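Visitor: Please take me through this entry, starting with the terms needed to read the side chains.

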Amino acid sequence: MKLVAFVFTAAALAAPARALADPTPNAVTEWAGIVQQAIHNAGTPRSAGTSLILHTMVHLAVYDAVVAIEGGSRPYASRLSAPAGTDVRAAVATAAYLTVRPRIVPANLAALDAAYSTYMAGLPAAPATDDGVAVGRQAADAI
């Protein structure tokens with residue numbers, strides 16, 4: 001439990017004040033919820049330890065993807081580069097999706113795949129989105 005408190009405390013301290021004050025969902029919070037549903041399922045419960053590890057892996061991949069695009073912090077697993085204007089939403093979604101997908105039970109794959117497809121369909125078909133997917137893939141691969 002101390003690790004969780006440390007991670008959330010560190011994230012809060014590192015987050016810009018506007019991010020802490022803004023109650024609207026963003027890609028990180030949206031994908032935290034999607035990943036939560038993919039990892040936890042009443043029909044196939046996971047131990048608290050493996051759940052915590054998987055959530056941490058996902059958030060580290062997401063963190064590295066965001067740092068590659070927005071800069072300002074040191075990456076965790078890999079220093080990635082992103083072209084200017086890269087869509088952070090596509091990077092976050094892809095990093096979270098590709099990190100969690102091979103590690104969840106098969107019964108949860110269809111819902112996760114549908115969530116990713118729906119989310120990505122809501123983003124513009126543009127080079128910035130493609131760049132975001134590439135950065136998210138690299139971040140997931142690094143984890």
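Guide: A residue is called buried under 20% relative accessible area, exposed over 50% and partly exposed in between, using a 1.4 Å probe and protein chains only. This is a predicted model, in which local features need pLDDT of at least 70 and side-chain atom pairs count only at pLDDT 80 or more, while totals for chains, interfaces and linings use all residues. Residues are numbered from 1 along each chain as its sequence is written, and side-chain values use heavy atoms, with hydrogens and water left out.

Visitor: What does the chain average in pLDDT?

Guide: The average is 85, and 83% of the residues score at least 70; pLDDT is the predictor's confidence in each residue, from 0 to 100. Over residues 1-19 the value stays under 50.

Visitor: Turning to charges, how many salt bridges are there?

Guide: There are two, a salt bridge being a side-chain nitrogen of Lys or Arg within 4 Å of a carboxyl oxygen of Asp or Glu. One joins D113 to R101, with the closest N and O atoms 2.7 Å apart. D113 belongs to helix α6 (residues 109-121) and R101 to the loop between α5 and α6, so this pair ties together parts that are twelve residues apart in sequence. Helices are DSSP runs (H or I, at least four residues), numbered from the N terminus.

Visitor: Is R101 buried or partly exposed?

Guide: R101 is partly exposed because its relative accessible area is 29%. D113, at 22%, is also partly exposed.

Visitor: And which residue does R89 pair with?

Guide: R89 meets D87 in a salt bridge, N to O at 2.7 Å. D87 counts as buried because its relative accessibility is 8%, whereas R89, at 36%, is partly exposed.

Visitor: Now the aromatics: how many pairs does a search of the whole structure find?

Guide: Three; rings of Phe, Tyr and Trp (its six-membered ring) pair if their centres lie within 6.5 Å, with planes under 30 degrees apart counted as stacked, over 60 as edge-to-face and the rest as tilted. W31 and Y116 have ring centres 6.1 Å apart and planes at 65°, so they are edge-to-face. W31 lies in helix α3 (residues 27-39) and Y116 in helix α6, 85 residues apart. Both are buried.

Visitor: Why is the pair of Y97 and Y116 called stacked?

Guide: Their planes are at 5°, with centres 4.1 Å apart, so the pair is stacked. Y97 sits in helix α5, 19 residues from Y116.

Visitor: Which residues do the ring pairs link into a cluster?

Guide: W31, Y97, Y116 and Y119.

Definitions and conventions
Helix = DSSP H or I, 4+ residues; strand = E, 2+ residues; numbered from the N terminus. Contact = heavy atoms within 4.5 Å.
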